[in-house]
Amino acid sequence: METQRTEAEPVGPLASFVRFVVCGGGVGVLSSAAVPLLALLMPWAAANAVITVASTILCTELHALFTFGTGRRAGLRRHLQSAGSATAAYVVTCAAMFVLHSVQSSPSLVWEQAVYLGASGLAGIGRFLVLRLFVFADRKETKAVAVRPVRVGRLHHGDLLLAR
């Protein structure tokens with residue numbers, strides 16, 4: 001017997017982190033292969049920008065539907081917030097590389113990879129927390145109820161609503 005899902009089922013923090021790593025990592029691997037292929041048709045920086053935008057949009061949809069189990073697509077607000085957190089992660093990795101090259105004028109490839117991967121890991125954890133706690137947080141929206149002022153004074157028969 002098939003049951004229909006009416007509400008999104010909540011996903012625990014550990015399960016959503018594993019899903020975050022799988023989705024983000026999978027799209028990251030695909031992106032790393034797509035950039036050089038697209039760079040055959042255009043400058044590398046343009047190819048990287050196109051793939052970065054496309055992969056961020058794809059990841060945001062995957063995170064909305066699968067990682068955090070919202071049960072619905074991301075929407076423009078969540079896409080913009082996710083793009084903001086991706087930009088912050090990009091800034092963190094760039095800053096880490098800048099600091100490395102400031103401290104050591106010509107670091108080895110091993111040091112560059114270690115610093116970049118470490119910064120990427122920390123930025124990824126930060127991005128996961130931002131997405132889980134703010135962007136895809138399960139907030140129950142409450143609607144304001146209109147309140148009608150009550151007249152003070154004597155009540156008359158026409159002022160009362162009677163149930164039949």
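Helix α3 covers residues 75-103, and its 29 residues should span 42 Å at 1.5 Å a residue; the end C-alpha atoms are 42 Å apart, which agrees. The expected span is 1.5 Å times one less than the number of residues in the helix. The structure is a predicted model, in which local features need pLDDT of at least 70 and side-chain atom pairs count only at pLDDT 80 or more, while totals for chains, interfaces and linings use all residues. Residues are numbered from 1 along each chain as its sequence is written, and side-chain values use heavy atoms, with hydrogens and water left out.

The protein has four helices and zero strands, and its elements run α-α-α-α from the N terminus on. Helices (H or I, at least four residues) and strands (E, at least two) are DSSP runs, numbered from the N terminus. Of the 164 residues of the protein, 24% count as buried, where buried means under 20% relative accessible area, exposed over 50% and partly exposed in between (1.4 Å probe, protein chains only). Among contacts with a separation of 6 or more, 59% come from residues 24 or more positions apart; contact means heavy atoms within 4.5 Å.

The buried residues of α3 are R78, H79, S82, S85, A89, T93, A96, M97 and L100. Their cover includes α2 (44-67) and α4 (109-135). In helix α2 lies E61, which is buried with a relative accessible area of 12%. Leaving aside residues up to four places away in sequence, E61 touches R73, A74, G75 and H79.

The largest nonpolar core has eight residues in all, namely F20, A64, F68, A74, F128, L131, V135 and F136. Helix α4 gives the most to this core, with three residues. A nonpolar core is a set of buried Ala, Val, Leu, Ile, Met, Phe, Trp, Tyr and Cys residues joined through side-chain atoms within 4.5 Å. With residues up to four places away in sequence not counted, V135 touches R77, R78, Q81 and V130.

Helix α1 (residues 13-38) packs with α4 at an angle of about 125°, and the axes are 11 Å apart. On the α1 side the contact is made by P13, S16, F17 and F20, and on the α4 side by G124, I125, R127, F128, L131 and R132. Axes are lines fitted to C-alpha atoms, for helices over the stretch in contact, and angles run from 0 to 180 degrees between N-to-C directions. Helices α1 and α4 are therefore oblique to each other, given that angles under 35 degrees count as roughly parallel, over 145 as roughly antiparallel, 65 to 115 as roughly perpendicular and the rest as oblique.
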